[in-house]
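Please read the following report with the sequence and the three-dimensional view open beside it, and locate each named residue as it comes up.

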There are 2 protein chains.
Amino acid sequence: MSGTERMIAPNLRKQHDRCADCAIRHRAVCSYCGPQELSLLDAIKFYRNYEPGQEIVAAGERTDFLGSVVDGVVSLSKTMPDGRRQMVGLMFASDFVGRPMRPIAPYDAIAVTPVRLCLFNRTRFERLLRDTPVLEKRLLEMTLDELDAARDWMLLLGRKSAREKIATFLAILARRAASAHNTHADDGFAFDLPLTREQMADYLGLTIETVSRQITALKKDGVVEFADARRCLVPDFVVLLDAAGEDADGGMID
Amino acid sequence: MSGTERMIAPNLRKQHDRCADCAIRHRAVCSYCGPQELSLLDAIKFYRNYEPGQEIVAAGERTDFLGSVVDGVVSLSKTMPDGRRQMVGLMFASDFVGRPMRPIAPYDAIAVTPVRLCLFNRTRFERLLRDTPVLEKRLLEMTLDELDAARDWMLLLGRKSAREKIATFLAILARRAASAHNTHADDGFAFDLPLTREQMADYLGLTIETVSRQITALKKDGVVEFADARRCLVPDFVVLLDAAGEDADGGMID
DNA sequence: GGATTCGCTTGATCTGCGTCAATGAGAACC
DNA sequence: GGTTCTCATTGACGCAGATCAAGCGAATCC
């Protein structure tokens, strides 16, 4: 909600000629855009920063902006009347937050880490969308990908054991970290857990205690190592995938 | 996969001047289409029928067609290597099956009831999509709605009790039945369960036995009545919503 | 330095749901 | 009519994960 506008970091400026979030452009909404559409997007964009724990939008609230995650992690979650909470999505850099033609947010969006968003005014963005089929097409593709991810998560929530849930989540983070660093990491690599145990529990449909216990168990079994509670090292990715209940073939790091 | 082409039913013909699935048009892909786009869609469409239990596509398989459900219920499900299965979606009349620009199906699609699909050749449909922004826009909206539904289901799978899961599912079917018959049904109404207990279990992340037991419990508590195993009657929708763990306000039949 | 807080871990116990097994009720077939 | 098959129900039992409770290290604050 409230966030401070900040100058574009010089090191991001250097990499591309247009806008700061172009560092993530190949996966973002604008990835099919030509110079003309990009300049139109540029004209209406602005940036906003959020602190960890800060609410970006609340469920049921009207949102007048939407845009891309430039940096940090955003959680989407639903809460039942009695307080039970389920995280329904985690958004990383280049992911699109907010839904065109749907001004009412159906879930809470909260900054998990320090977050920087590249935002567009809703009505302007929707107008641009009408005139820019290539942008709409990209948005459709991203939404389809999110739908796939959501359905994968349904399998996890409905059918996987606590151990498998944890292992799956760690495998996803490991894969992300590997592709971000262009590491093939045949002999193990490390990454930071952006979430607290409580946030993991909300994401995985478990309690804090179960999360903690299962992580301990995975450590004891040598599947993962932890430098501290937030720093994870995976010695053998295939072993982790196996613990996640997935066939190793389908889940290789590419 | 294998299905028989059939003539368009005369009674559907009568209602509209274009195509049989126009009976469901106001909610389907083509709902924003003008006469010109409709005739283009008409030119490339064909129909296919499936028997209950029949596989429409298997996970990992290439699909050369996509389209709308005209009649019947289709399940989308994922299966783990060891056989655990989770249904990730139920498609009813007017829902769109198959994903443009994604020729490999990520899950099994199976006919739950007798199903009739209105299909389009993939490449032709995608070409049409490129030239018809209004169609693309509609598809984006439908995908956003599906994403919402998937995320609602994540809350159910991750945080709801067996009793709440059953009640939620029955409430969804009850609401569907009510809107289909234009019933407000302040004093109860009945509907048919399209799924077997096993399919319900796969949808809700439970076992057959638990589904059966919880239905028995809901009957004993007077929340629902069953004429037989497949025919359900809801005396008071608000009571059912309460059992589903939802606030009655948000879930009223409109 | 002491007190408080926060995030995490660990232990003890409880319970909701899964597992295993038996039975019943229709429907289809010989 | 009897057999077989499928689908649903019910009971007995066990276990994975929730709940309740305590303790621990590291910040933060006074």
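Helix α7(B) gives the most to the surface near DNA strand D, with 4 residues. Here helices (H or I, at least four residues) and strands (E, at least two) are DSSP runs numbered from the N terminus, and a residue is near a molecule or strand if one of its heavy atoms lies within 4 Å of it. This is a predicted model, in which local features need pLDDT of at least 70 and side-chain atom pairs count only at pLDDT 80 or more, while totals for chains, interfaces and linings use all residues. Residues are numbered from 1 along each chain as its sequence is written, chains are lettered from A and ligands numbered from 1 in the order in which they are written, and side-chain values use heavy atoms, with hydrogens and water left out.

Of the 16 residues around DNA strand D, the nearest are A:Ala162, A:Thr210, A:Arg213, B:Arg197 and B:Arg213. Among the atoms of DNA strand D that come within 4 Å of the protein, sugar and phosphate account for 62%. By class, the surface near DNA strand D has 3 nonpolar, 7 polar and 6 charged residues, where Ala, Val, Leu, Ile, Met, Phe, Trp, Tyr, Cys and Pro count as nonpolar, Asp, Glu, Lys and Arg as charged, and the others, Gly among them, as polar.

DNA strand C is surrounded by 16 residues, of which the closest are A:Arg197, A:Ser212, A:Thr216, B:Thr210 and B:Arg213. Sugar and phosphate account for 62% of the atoms of DNA strand C that come within 4 Å of the protein. The surface near DNA strand C has 3 nonpolar, 7 polar and 6 charged residues, and α7(A) gives the most to this surface, with 4 residues.

| Polar protein atom | DNA atom | Distance |
|---|---|---|
| A:Arg230, side chain | phosphate oxygen of DNA strand C | 3.1 Å |
| B:Glu209, side chain | base nitrogen of DNA strand C | 3.1 Å |
| B:Thr210, side chain | phosphate oxygen of DNA strand C | 2.3 Å |
| A:Ala162, backbone | phosphate oxygen of DNA strand D | 2.7 Å |
| B:Ser212, side chain | phosphate oxygen of DNA strand D | 2.8 Å |
| B:Arg213, side chain | base nitrogen of DNA strand D | 2.8 Å |

The elements that give two or more residues to the surface near DNA strand D are α7 of chain A together with α7 of chain B.

B:Gln214 is also found in helix α7 of chain B. Contact means heavy atoms within 4.5 Å, and, leaving aside neighbours within four places in sequence, B:Gln214 is in contact with B:Ala162, B:Arg163 and B:Ile166. B:Gln214 and B:Ile166 are 48 residues apart in sequence, and their C-alpha atoms are 7.2 Å apart in space.

**How the two chains are related**

A rotation of 180° with 0.0 Å of shift along its axis superposes chain B on chain A, with an RMSD of 0.0 Å. That is the relation of a two-fold axis. The copies are superposed by least squares on the C-alpha atoms of residues with pLDDT of at least 70 in both. Because 100% of the interface residues of chain B are also interface residues in chain A, the copies meet through the same surface.

Two residues of one loop reach the other chain. B:Arg102 is found in the loop between β6 (96-97) and β7 (108-111) of chain B, and, apart from neighbours within four places in sequence, B:Arg102 is in contact with A:Glu141, A:Leu144, A:Asp145 and B:Arg122. Is B:Arg102 buried or exposed? At 16% relative accessibility, B:Arg102 counts as buried, since buried means under 20% relative accessible area, exposed over 50%, and partly exposed in between (1.4 Å probe, protein chains only).

B:Pro106 is found in the loop between β6 and β7 of chain B, and with a relative accessible area of 25% B:Pro106 is partly exposed. Leaving aside neighbours within four places in sequence, B:Pro106 is in contact with A:Asp148, B:Ala59, B:Lys78 and B:Arg99.

**The nonpolar cores**

In soluble globular proteins, nonpolar side chains tend to be buried together. A nonpolar core is a set of buried Ala, Val, Leu, Ile, Met, Phe, Trp, Tyr and Cys residues joined through side-chain atoms within 4.5 Å. The largest nonpolar core has 120 residues, of which A:Phe169 and B:Phe169 touch the most other members. Not counting residues up to four places away in sequence, A:Phe169 touches A:Leu90, A:Trp153, A:Leu193, A:Leu195, A:Met200, A:Tyr203 and A:Leu204. A second, separate core of 43 residues includes A:Val70, B:Cys118, B:Phe125 and B:Leu128.

How values were computed: Polar contact = N/O pair within 3.5 Å; in protein donor to acceptor, adjacent residues only side chain to side chain.
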